[in-house]
Amino acid sequence: MKGYRFVTGAVVGALTSATMMVAVQAAEYPTKAIELIVPYAAGGGTDLVARAYADAVNRHLPQSVGVVNKTGGGGAVGLSEIMAARPDGYRIGMGTVEITTLPNLGVARFTADDFTPIARLNAEPSAITVNANAPWKTIEEFLAYAKENPGKVRIGNSGTGAIWHLAAEALATKSGLKFSHIPYDGANPAVTALLGNHIEAVSVSPAEVSSHIAAGTLRILAVMDDQRSKAFPDAPTLKEKGIDVTVATWRGIVVPKKTPANIVETLRAASKKAVEEQGFRDQLTKMNLSYAYLDGPEYKVAMEKDAEMFKVLMKQIGLSK
Amino acid sequence: MYELDMLLHGAQALFNQPMALLLALFGVTLGIIIGALPGLTATMGVAILLPFTFGMDPLSGLLMISGVFFGGIYGGSVTAILLKIPGTPAAAATAIDGFELTKKGQAGIALGTATFSSFLGGTASVFVLIFLAPVLARFALEFSASESFALAVFGLSIIASISGVSVIKGLISGFLGLLLATVGLDPMGGFPRYTGGYTELFNVPFIPVMIGLFAAAEAFKSLEDPQVRAGMAAALDRIIPPWHMFRRQLGNIARSSGLGIIIGMIPGAGADIAAFVAYNEAKRFSKTPENYGKGELGAVAACESGANGCTGGALLTMLTLGIPGDAVTAVMLGALTLQGLQPGPLLFKDHADLVFTLFAGMLVCYVMMLVVGLGSLRFMGRILQMPKSVLTPCILALCIVGTYAINNSLFDIWIMLAAGVVGYFMQKWDFPASPVVLALIMGPMAEANFRRALSLSGGSYDFLYTRPITAVLLTIAILTLMLPLLRRLWAQRSPGGPTTINPAAGSSRMGTPE
């Protein structure tokens with residue numbers, strides 16, 4: 001029975017190669033397509049960074065990287081999924097600043113320690129922006145007004161516990177002021193309310209108000225960054241004004257903590273090559289996003305610093321659970 | 001006239017760019033397909049196409065995206081009318097009367113009317129965008145939290161007019177929706193409510209609930225007797241509505257388009273709200289309001305022209321102020337910036353050539369939508385000839401795939417199926433499903449904006465009567481709620497009218513959450 005023998009041979013052959021595959025897989029990562037989980041909806045800032053990165057990194061990995069959006073819970077659903085993924089490098093994720101804020105709110109099963117950072121790609125600081133008709137021309141005038149009128153200055157943010165709310169709270173605690181924080185469903189509605197003069201200021205990123213700055217309808221008073229923004233060099237940093245507050249949102253690639261070192265190294269190297277491409281940087285600039293690459297270890301340091309800061313801040317303002 | 005001149009120039013420029021027209025056609029077709037499938041939304045379509053526009057010239061990219069936007073809003077009506085599966089939340093309003101018409105064997109005319117109404121509403125809104133944009137631009141900024149709250153209360157009051165036979169059953173459905181709307185993250189405090197520890201429940205899974213209540217429930221119902229053919233095979237003999245019928249809808253369409261345009265301009269309000277509001281007003285002004293809910297062509301015309309009227313309104317605020325009114329225009333705003341165009345008052349002056357070519361292209365998109373729509377209807381209508389034993393499993397499969405596509409989440413599928421079971425019994429006991437959908441749209445909007453308005457005013461309730469738009473909208477809301485009661489009283493006086501008064505209708509002002 002020739003046929004029978006052939007089948008046996010095929011089965012044995014398949015089994016052997018399957019066993020060999022497993023051994024090879026760890027050494028020759030990646031051997032199949034990689035899923036990049038984005039915890040926010042398609043079309044948003046995090047998604048745009050992810051898609052630009054996937055485009056670029058595809059040229060430096062033997063297998064393709066595909067974006068999958070897992071939305072919900074202000075990022076908690078997607079981030080939980082990244083944390084719980086099998087640590088084999090085939091499900092990696094976009095880690096955002098919410099990794100360091102959500103655990104304090106008591107709505108997440110992860111902490112910052114559950115992730116191994118691969119590369120930070122983008123960061124946007126918070127900025128204090130007011131209507132162009134507002135009487136305050138400088139941040140000092142604005143803060144002085146807030147001091148005289150505690151609770152009267154309404155600052156719009158993108159949701160309670162979200163990064164821009166925390167930024168405004170950080171400014172309030174550091175400068176001993178009292179604002180009225182108004183949460184909106186995202187940064188855009190808050191900016192709209194500011195344009196209509198329904199609130200006094202917003203704490204969203206310069207990128208989210210840039211078109212209105214260009215049109216002359218809004219004015220940035222200060223940014224919460226270590227250095228001035230390249231796009232708006234006239235706006236001072238709070239640090240320059242003696243208020244040591246830096247708050248920024250950031251986005252980068254992370255993998256589950258237990259991912260083997262060789263996979264982490266492969267991804268780090270590929271990411272480094274991807275972000276060095278001019279095409280990737282141009283695409284970010286085009287989308288009004290700032291390029292802010294940090295390699296894995298430095299990204300980890302930045303992440304830990306934020307985790308510590310938000311832990312203290314959120315306890316102080318009574319948001320921690 | 002400067003605008004007209006520029007528009008003609010734009011049209012000329014446009015027809016020298018066959019590639020842009022081809023991409024627009026592609027966009028419109030894709031939009032209709034996306035709109036017709038439950039779970040796939042115009043936002044998703046636009047977001048997926050966005051990276052492909054990177055390499056295109058600005059006109060082609062923006063026209064393709066506009067095509068998806070327009071087609072996506074219209075496409076929802078097709079499956080809503082034929083199968084009672086609203087492809088988009090706005091089509092949930094169309095489904096109320098559209099599916100009744102199909103049951104009566106008038107699917108063809110219902111689809112034709114929906115297509116023409118979408119075309120007219122959309123085209124009217126683009127014309128408003130072209131000629132009145134600078135005049136109307138500031139309107140959107142008048143809208144603060146208190147106005148949005150009042151709009152949402154008005155939206156909730158519409159439950160009274162979409163309840164069908166029994167207002168009390170409609171109100172029960174509406175309150176069920178409001179209860180469901182309390183699940184999720186608290187809109188102001190950010191803490192979870194009734195989530196049972198599931199992060200998936202942090203946002204109310206609105207679209208899965210809608211797909212379940214409408215489509216899955218309908219599919220479960222037809223499982224009862226799978227042998228029956230849909231039995232509406234001959235229904236699609238006529239698609240283009242006869243002129244004497246359509247003429248009567250023109251006033252209705254004009255009013256609904258106007259409402260759609262205004263609602264489109266309001267930040268945070270979109271096609272879904274416009275469709276329900278247009279339905280309500282069409283019923284209010286109709287000579288035969290009792291036919292609404294039982295298969296009235298005017299209802300289909302109103303919903304579709306209202307929903308598509310939104311497109312021009314939303315584009316207006318986006319282009320003139322740089323404020324995106326909804327998720328689709330937010331992505332479009334990104335596309336504009338990518339192409340080096342800065343939305344705002346200067347856009348119309350600095351890039352007049354491109355902007356007016358784009359406007360001409362948008363009008364062409366709507367013509368394409370009309371042609372593609374009418375052309376595909378006969379093909380789509382064949383669905384009705386399928387035996388139920390084939391159609392029903394297909395619908396259920398579509399429900400599951402569509403639900404999964406929203407968030408790539410299995411959890412949503414269970415929600416959808418549970419809603420389907422609830423919807424099945426609601427249908428059996430004559431509880432209408434559309435009040436649930438309406439409450440799920442309006443409830444969170446009313447709650448969040450009421451509390452936001454309170455924090456804006458420092459805890460004072462004055463905003464309820466000191467702000468003119470708020471006061472007017474709240475007054476209309478109360479009138480809408482009282483209308484069924486007043487009608488009953490009126491009918492009671494005249495001989496032969498119903499003699500019982502529905503006690504719930506009077507107390508229904510409690511439709512306001514909190």
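Because the model is predicted, local features need pLDDT of at least 70 and side-chain atom pairs count only at pLDDT 80 or more, while totals for chains, interfaces and linings use all residues. Residues are numbered from 1 along each chain as its sequence is written, chains are lettered from A in the order in which they are written, and side-chain values use heavy atoms, with hydrogens and water left out.

**View 1. Chain A from end to end.**
The C-alpha trace of chain A spans about 95 × 40 × 30 Å along its principal axes. Chain A holds 11 helices and 11 strands; these are DSSP runs, with helices (H or I) of at least four residues and strands (E) of at least two, numbered from the N terminus. Of the 321 residues in chain A, 54% are buried, where buried means under 20% relative accessible area, exposed over 50% and partly exposed in between (1.4 Å probe, protein chains only). Among contacts in chain A with a separation of 6 or more, 76% join residues 24 or more positions apart; contact means heavy atoms within 4.5 Å.

**View 2**
Contact between them involves 11 residues of domain 1 and 10 residues of domain 2. Together the two domains bury about 820 Å², with 74% of it on carbon and sulfur atoms; buried area is the accessible area (1.4 Å probe) that two parts lose on being put together, summed over both. On the domain 1 side, A:Glu124, A:Asn288 and A:Leu313 lose the most area, together 47% of what that side buries. Across this interface there is 1 residue pair in polar contact (both at pLDDT 80 or more). A polar contact is a pair of N or O atoms within 3.5 Å; within protein, one must be able to donate a hydrogen and the other to accept it, and residues adjacent in sequence count only if both atoms are side-chain atoms. Look for α4 (98-105) and α11 (296-316), which each supply at least two residues of the domain 1 side. The largest share, 4 residues, comes from α11(A).

**View 2. Chain A against chain B.**
Here 34 residues from chain A meet 34 residues from chain B. The area buried between the chains is about 2,900 Å², and carbon and sulfur atoms give 59% of it. A:Thr192, A:His198 and A:Lys286 supply 17% of the area that chain A buries against chain B, more than any other three residues. The count between the chains is 1 salt bridge, a term for a side-chain nitrogen of Lys or Arg within 4 Å of a carboxyl oxygen of Asp or Glu. B:Arg452 forms a salt bridge with A:Asp185, their closest N and O atoms being 3.6 Å apart.

**View 3. Around A:Ile34.**
A:Ile34 sits in strand β1 (residues 34-38) of chain A and counts as buried because its relative accessibility is 2%. Its contacts, not counting residues up to four places away in sequence, include A:Tyr29, A:Leu61, A:Val65, A:Tyr90 and A:Ile92.

**View 4. A:Lys70 with A:Glu81.**
The closest N and O atoms of the salt bridge between A:Lys70 and A:Glu81 are 3.1 Å apart. A:Lys70 lies in the loop between β2 and α3 of chain A, and A:Glu81 in helix α3, 11 residues apart. A:Lys70 is buried at 8% relative accessibility, whereas A:Glu81 is partly exposed at 23%.

**View 5. A:Lys239 with A:Asp226.**
A:Lys239 and A:Asp226 form a salt bridge with closest N and O atoms 2.7 Å apart. Both residues lie in the loop between β9 (218-223) and β10 (248-256) of chain A, so the pair ties together parts that are 13 residues apart in sequence. A:Lys239 is partly exposed, with a relative accessible area of 38%, and A:Asp226 is partly exposed at 45%.

**View 6. A pair within one helix of chain B.**
B:Glu281 forms a salt bridge with B:Arg284, with closest N and O atoms 2.9 Å apart. Both lie in helix α14 (residues 271-285) of chain B, 3 residues apart, about one turn of the helix.
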